[in-house]
Amino acid sequence: ERHCATNARRLTGEMALDLVKDRVYKQRIRIQDFFGDFDRLRCGSITPTQFARALALAGFNLTQAQYRELSDAYPSTVEDRPVCYKDFCADVNGVFTKYNLEKAPTQEVDPAPASLLDTERFSAKPTRSLGDARDEEVDALLDAIAEGVRKRRVEVKPFFNDACANQNSPMRVNHVTKAQFKQVVRAHVAMELGDDAMDAVADRFSDDDGFVNFVSFSACVDPKEEAYHPYRRSLQ
């Protein structure tokens, strides 16, 4: 029974760490910034209560068991500050790259974990299909929106960047909620778009969690940058 309990606690800690890594990677959170105020001596260690509070400030809503297992997994040599948050942050930030590469420049860096990587985040194509007939309707809508954007000489993506950075939004990289998507499109992109057409466009670029990939949408409707030709003017 003791062995089973130990395995259960270890699994709880591993699941919590994976959850933190997933969100830090997708939302590009600087996790170490939330611990600094609790470490005035800059010793790299804090108390378990401070550790839990720092993670809560970073937006993580973990259980008491998860907080406890995470703090126990990174022990410190400082007696009154038993949690080494610097080791925890280094472990979490390992999802981005390896540390001290300047000392080993030939060392191979693992590719981004497939479980964390959103393969559609930079795609210039709609995220999902709504059926052949519906897809054709949405494609026609996108062509009309792109033509309107071109005539008005505006860029669509910056409008979504503001919404994505809003503190009240989920702050998921390259994604906004459907409500945010509709609000931005209605206010800045295609004011004349009807409710049914708006829903169809939003659904075409939505993922399984219901968030809309605004980068893919913007790539479809924003004017394509013309390649610079240094001799074009002289040739004309």
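Predicted model: local features only at pLDDT ≥ 70, side-chain atom pairs only at ≥ 80, totals over all residues.
How many residues has the largest nonpolar core, and which of them have the most contacts inside it?

**View 1. The largest nonpolar core.** This core has 26 residues, and those with the most contacts inside it are Ile 145, Phe 160, Val 176, Phe 181, Val 185 and Phe 217. The elements that give two or more residues to the core are H5, helix H6 (157–164), H7, H8 and helix H9 (214–221), and the one that gives the most is H8, with 5 residues.

**View 2. The surroundings of Ile 145.** When its neighbours within four places in sequence are left aside, Ile 145 is in contact with Val 189, Ala 190, Leu 193, Phe 217 and Val 221. Of these partners, Phe 217 is also listed among the residues with the most contacts inside the largest nonpolar core.

View 3. The search of the whole structure finds 8 salt bridges, and one of them joins the side chains of Asp 139 and Arg 204, with an N to O distance of 3.1 Å. This pair links distant parts of the chain, since Asp 139 belongs to helix H5 (residues 132–152) and Arg 204 to helix H8 (residues 195–204), 65 residues apart. Asp 139 is partly exposed, with a relative accessible area of 34%, whereas Arg 204 counts as buried because its relative accessibility is 9%, and buried means under 20%.

View 4. Lys 178 forms a salt bridge with Asp 203, and their closest N and O atoms are 2.5 Å apart. Here too the pair links distant parts of the chain, with Lys 178 in helix H7 (residues 178–189) and Asp 203 in helix H8, 25 residues apart. Lys 178 counts as partly exposed at 29% relative accessibility, and Asp 203 likewise counts as partly exposed, at 27%.

**View 5. A salt-bridge network that includes Glu 147 and Arg 150****.** Salt bridges that share partners join Glu 147, Arg 150 and Lys 151 into one network. Within it, Glu 147 forms a salt bridge with Arg 150, with the closest N and O atoms 2.5 Å apart. Because Glu 147 and Arg 150 are 3 residues apart in helix H5, they are separated by about one helical turn. Glu 147 is partly exposed, with a relative accessible area of 32%, and Arg 150 counts as partly exposed at 48% relative accessibility.

How values were computed
Residues numbered from 1 in each chain as written. Heavy atoms only, no water. Salt bridge = Lys/Arg side-chain N within 4 Å of Asp/Glu carboxyl O. Helix = DSSP H or I, 4+ residues; strand = E, 2+ residues; numbered from the N terminus. Buried < 20%, exposed > 50% of the residue type's maximum accessible area, 1.4 Å probe, protein only. Core = buried A, V, L, I, M, F, W, Y, C linked by side-chain atoms within 4.5 Å. Contact = heavy atoms within 4.5 Å.
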